[in-house]
Structure formats: C-alpha cells, structure tokens
Amino acid sequence: MINDLWYKNAIVYCLSVATYMDANGDGIGDFQGLLGRLDYLQGIGVTALWLMPFQPSPFKDDGYDVSDYYNVDPRYGTLGDFVEFARGCKQRGMRLLIDLVVNHTSNEHPWFKQACADPDSKYHDWYVWSKKKPADANSGMVFPGVQKTTWSYDNEAKQYYFHRFYDFQPDLNTSNPEVQAEILKVMGFWLQLGVDGFRMDAVPFVIAKKGANLKRAAEQYDMLRSFSEFVSWRKEGAIILGEANVLPKSDLEYFGKAGERLQMMFNFNVNQHLFYALAGADCGPLQQSLEATKPRPYGAQWGQFLRNHDELDLGRLTESQRQKVFEVLGPDKDMQLYNRGIRRRLAPMLQGDRRRIELAYSLMLTLPGTPVIRYGDEIGMGDDLSLPERNCARTPMQWSSDCNGGFTANPKPVLPVISGGGYGYQYVNVATQRRDPNSLLNWMERMMRMRKEVPEIGWGDFFCLPVGTDKVLGLCYEWRNNSVIMLHNLDAEPYEVKLAAKAKFGQVKLINVLSDDHSSPDKKGDHCILLEPYGYHWYRVGPGEDLLKRSDT
C-alpha cells in the first residue's frame, strides 16, 4: 500500500520545458536539454517532476492553449525525445507528472475549427454555444482587468462560444460523454508513454456544467472518480494532482469521502494564509486554515507550495488581510495582478532577506502534505516586471554566469534571462551556488534531504501546539510511535516558547535534526526554547534510535 502512495513523502519540482535548458541553440528549452539536467534534479533531492504543457500550441498562454493533445510541440523535440526523457526519470527513480489542460482547447485546435465550420459535426457538441449573447457574459472572468467577457462571437459558426479563460481558449463541453471519453484517451496515451500522473488544470471548471441557461453552477464530482479509477487501472501508483482553489467545506467533494476521487490537491487556502502570516507575523489565521483543511481520507494528500507559475492568488483572504500582504510583499501596482494577486517570485517579495526566505521554505516543507517547489526558487531567482502579466516570473533558468545564464547559446532566448542587478544571472546561478557551501542552493538541498527523513509530516496526523503567541507556529506530527515538533517564529523579534511537561512529549529530550541545539527539559519537565528572529527548529521527540522501532501499531 505504501508503494502505491509514493506521493505521501515526495518532493515535487515544477518546471517548464521551454525555459529550463536549451540543447539545440534555438533559444527555446527542449527535452534533450531537460534530460541533461535530470542528474542535477536528482542530486538536490527531487523525487517527482511536474511539467507544464509541452503539447503543440499557438503559445498565446504559455502552452495552456493546446492544439493537439497527442504530440510534442516541435520546438521542444519529438515524441521520441519525450520517451527518452521519461525513461531517464524512471532510471533515477523520479516520478513524472504532466499538465492535463482539458477545460478548454486552443481556438486553433482541429476540433474547434470543425465545430465552427459544420454545425452538424460531432465536434460542434464538444463546445458550448449560444445563439444570443447571454446576459451574464460580462461576469465570471478568470482574468479581470485583462479579460472582457466569457462569451465571444464566432463569425463562421454565427454563434457565441463560451470561454472561461481567454477568447482564444474555447471551453470544452465536459458534460458530453464523448468529451469525457476523449479525456480518458488522452490520459491513457501519456500513461503508456511513461508518465506517472497528471496535474489537472482548473478542476472546478472541468467538472462544472456549462451553458447559457444555467441558473446556478453545479459540479459533477463523479467525473473525478471516473478519471481517478482510469489512471489507477492503467498504471499502478498513477495519480491526479488537482488545481482547485475551493473553500475547505468542499475539500471532501474533490478528494471523495473514501479517497476515490483526486489523490492530491494543492492547498490554496493554506497558501494564502501562509503569505499573510509571512507579511503580518500573525499565525492565527494560518492555524485556523490548517485546522479547516485537516479532514481528508487516508490516501489523499495536500500539495503545499509557496509560489507557482501563476500569480499569488489572495482571493480567499479578507480585504484587510489582502491589503496587508500587498503592502508588505507587493506594494507597487505593477507587482499586482487581476485585482487579487501578486505576480512576483518569492525572493524579491521577501526583499532577498535570506533569513525570511529560509523561514518561508522551512515552514512550507513542514506543513501537512507534500512540498511542491517552483524551478529557480532553489537558488532565489528574481522576476522581470517589465514582462506582461505572469511572464515576469517565468523567465529562463539561470545555470551559470555564462551568456544568458547558460540557458541557451542563442542571443534571443524565448524570454529574456534576468540580467544585472541583485537577481541577474551573473550573481544568481546554479554553478556559483554549488561552489558555496553556505549558498541557498546547498541549504535547500540539505533541507529537502531532511524533509524526506521525516516521513511523519507526509504520513502522520498533526495538531497545533499552544505556544502562547500568534507570532510562532508550533506543529506536532505523530506516526508509527514517533513524534516530531516544528517551531517557526515569523517575527523580527526573538521569542521564547514553553512546551509544558503535561504534554505527551514533556520530560523527554528534543533532538534538533538541523543543528546541535537540542532541548532538555527543566526540573519541572518543561521545555523553554528561544527562537531567534525568523528562526525555525525541527525537533524529533526522544532519542534517534526510536526511528528503528517504527511499527504500524
């Protein structure tokens, strides 16, 4: 059973083929270049890769406008190159997840072209149409301020088509059984070529009923069960990691009460409250969010993250909380996006403060679930706010101080490599940090290795510790007769916390797994622990030899 649930104690790394490594010198990353970097990824502790879309696309939305689900965009290589890459992952014991973008297609997809050209074509019913512009056409946009409507007119079809996202991304009619069957076929194709699962894009929209005359939104949750059953049947251990920014009360609808739907979901609720905690040194709302998202089936798992390829969405925070995060982490208007988020990478959001960056990653690595890391964050890459919308945080990987950061020999990379200033490739790159034992990269490698040695976080149950202040978050995990304690001080001032003897770990020595700063109980059996500004301590309860006594009881 544990082998099937590999994602419970994994380190997931998200990257774009286009901006990771260019092997043929055309300025665009490719699978041959990515294959050559697998040893690096394995070396820093990554156990699973999540690839952003690499299928053929007009590339109007960074590949999230797919025009062929059964091929590789020629800019990245061939299907043969992909299979070699998948084999390379398997050789290194790394799982491979790919983006599954099936809420919509590109408007250049042959399905949509045939749907527009012939109303009697079967593909016409694969999309969502209306003869008249619906009354709510100017509401429900995913990208407010950039996107003007959710219904656009097609001159050839002489009808309006629905698009939850941009107008060049017409929504598939996922209620259509033929569309659902095609989605299964797409998943089966890539599973056969070596992938271990999918990060499903925009899950709430995929399972929603769509149309012009709907009086209220309705989700078709059983669709998730059929997807999950299919991938599990086709390949042992295959999973679906869902992107679903929903309220905690809906979590079990997506996981399934018995874990029969999604195996993993990103925890957007905790993510947003985590950034509020970082901005305001207030762990209270984060602790509430952790408690609210605690219920989940045994086989289900949260994906915990700091930043990803999209904006930092703050839509679930209160107005005052959101304004606090804007004030501290993204005060300028060009740092904000869609009236709800911040489009920056982590390091510049935290002003490059190494203490705060370490605190943020230590906290994320110790949250209940599986950590998901964005490429380049392991070296503290910056962003380019001169680029439009979300592209500012999607710049090429910085490998060395060579031209274009070692990403490509071509003078015109797919996106400009960050150059000059504190985050330029001349100063922030893999090669330089590899040679520095105190670099962020080497610190991240040590932390990821230690995270894998603390399976209690991924497998165990947790509870929040009473530490006497909202400036400090204390978590205790228990699994197989072992316990670990994680303490994080989110404030710029030091704090002393007291762990009382009456707790089950009282009167037992706490072993700091990150340093020699262990904690012994006083005469009363209490632990008094001083946390430095932005300090973090990982403790194992009791002597290390207890690890050898793990049991199922």
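**Notes on pockets, cores and one buried aspartate**

1. Let's start with the open space. The largest pocket holds about 1,200 Å³. Please keep in mind while reading that this is a predicted model. The lining of that pocket is made up of 48 residues, and the ones nearest its centre are Val142, Arg164, Phe165, Pro204 and Phe205.

2. Two helices, H6 (203-206) and H9 (268-280), each contribute at least two residues to the lining of the largest pocket. Pro204 and Phe205 are among the residues nearest the centre of this pocket.

3. The second largest pocket has a volume of about 330 Å³. Its lining consists of 19 residues, with Leu5, Tyr7, Ser232, Gly259 and Gln263 nearest the centre. Helix H7 (residues 222-234) is the biggest giver here, supplying three residues to the lining of the second largest pocket. By class, that lining splits into seven nonpolar, six polar and six charged residues.

4. How many cavities of 30 Å³ or more does the whole structure contain? The search turns up six. The largest cavity takes up about 70 Å³, and 13 residues line it, with Trp50, Phe266, Phe305, Asn308 and Val372 closest to its centre. Strand E14 (residues 370-374) provides the largest share of this lining, three residues.

5. On packing, the largest nonpolar core has 149 residues, and Tyr13 and Leu49 touch the most other members. H9 gives the largest share of this core, eight residues. A separate core of 13 residues lies apart from it, with Leu487, Leu499, Leu531 and Val541 among its members. As a general point, nonpolar side chains in soluble globular proteins tend to be buried together.

6. Which residues does Leu49 contact, leaving aside neighbours within four places in sequence? Tyr13 is one of them, and the others are Leu15, Leu38, Leu41, Phe85, Cys89, Met94, Arg95, Leu96 and Leu97. Arg95 is therefore a charged member of that list, since Arg counts as charged.

7. Is H9 mostly covered or mostly uncovered? Mostly covered, with 12 of its 13 residues buried. Just after the helix, Ala281 has a positive phi of about 50 degrees.

8. A last stop is Asp310, in the loop between strand E10 (301-305) and strand E11 (312-313). Why does Asp310 count as buried? Its relative accessible area is 13%, and buried means under 20%, so Asp310 falls on the buried side of the cut-off. Beyond its neighbours within four places in sequence, Asp310 is in contact with Glu243, Arg390 and Arg394. For a distance to check, Asp310 and Gly424 are 114 residues apart in sequence and 21 Å apart in space, C-alpha to C-alpha.

Definitions and conventions. Residues numbered from 1 in each chain as written. Predicted model: local features only at pLDDT ≥ 70, side-chain atom pairs only at ≥ 80, totals over all residues. Heavy atoms only, no water. 1 Å grid on protein atoms, 1.4 Å probe; cavity = no way out; pocket = protein on both sides within 12 Å on 5 of 7 lines; lining within 4 Å. Points joined across faces, edges and corners; volume = space filled by probe spheres on them. Helix = DSSP H or I, 4+ residues; strand = E, 2+ residues; numbered from the N terminus. Core = buried A, V, L, I, M, F, W, Y, C linked by side-chain atoms within 4.5 Å. Buried < 20%, exposed > 50% of the residue type's maximum accessible area, 1.4 Å probe, protein only. Contact = heavy atoms within 4.5 Å.
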